[in-house]
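Hi everyone, thanks for coming. Have a look at the screen while I bring up the protein for today, and then I'll walk you through some of its strands and charged pairs.

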Amino acid sequence: MNIKILTPEAVIFDGEVKSVQVPGSNGEFHILNNHASIVSALSEGEIKLYNSSVGDYSKNFEQRNGSAGQYFGYDIKGGVVEFKDNKGIILAD
């Protein structure tokens, strides 16, 4: 699935990932391939990209370990996510 993450300053990621976990306003949730369409507000927390690498975008992410395995993390203050047809856009602060 394709995920694009934008901040007011730049596009910090645009590429294929296995899955992404985001801090929704009602709690953290995980988006996998073929997930139902969703639009959600995001609260302060961490975007977690589960993938073997983030390619040229590695300067924007920190490689971390969690309960679901190794991931690439990016801290946000809030934002919104839209996911439909295996394509997601995250607008983040």
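What you see is a predicted model, where local features need pLDDT of at least 70 and side-chain atom pairs count only at pLDDT 80 or more, while totals for chains, interfaces and linings use all residues. Residues are numbered from 1 along each chain as its sequence is written, and side-chain values use heavy atoms, with hydrogens and water left out.

Let's begin with strand 1, residues 2–6. Its covered face has I3 and I5, and its uncovered face has N2, K4 and L6.

Who sits beside strand 1? Two strands pair if DSSP finds at least two bridges between them. Strand 2, residues 11–16, pairs with strand 1 in the antiparallel sense, over 5 bridges. Those two strands form a hairpin, with 4 residues between them.

Now for the record. UniProt, in an unreviewed entry, lists residues 1–93 as "domain: ATP synthase F1 complex delta/epsilon subunit N-terminal".

D93 is in the segment after strand 10. Is D93 buried or exposed? Buried means under 20% relative accessible area, exposed over 50%, and partly exposed in between (1.4 Å probe, protein chains only). D93 has 54% relative accessibility, so it counts as exposed.

Next, Q21, which you'll find in strand 3, residues 19–24. Q21 counts as buried because its relative accessibility is 13%. Its side chain makes polar contacts (pairs of N or O atoms within 3.5 Å; within protein, one must be able to donate a hydrogen and the other to accept it, and residues adjacent in sequence count only if both atoms are side-chain atoms). One goes to the side chain of E28, at 2.8 Å. Another, at 3.3 Å, goes to the side chain of Y50.

Side chains of opposite charge can pair when their charged atoms come close. Here the rule is a side-chain nitrogen of Lys or Arg within 4 Å of a carboxyl oxygen of Asp or Glu, and by that rule the count is 4. How far apart are the N and O atoms when K48 meets E28? That salt bridge comes out at 3.7 Å. K48 belongs to strand 6, residues 45–50, and E28 to strand 4, residues 27–32, so the pair links distant parts of the chain, 20 residues apart. K48 is buried, at 14%, whereas E28 is partly exposed, at 45%.

R64 forms a salt bridge with E46, with the closest N and O atoms 2.0 Å apart. R64 lies in strand 7, residues 62–66, and E46 in strand 6, so this pair ties together parts 18 residues apart in sequence. Both R64 and E46 are buried. R64 also meets E62 in a salt bridge, at 3.4 Å from N to O. Put together, E46, E62, R64 and D75 are linked in a network of salt bridges.

Note on methods
UniProt positions are given in the numbering used here, feature names are shortened, and annotations may be inferred rather than shown by experiment.
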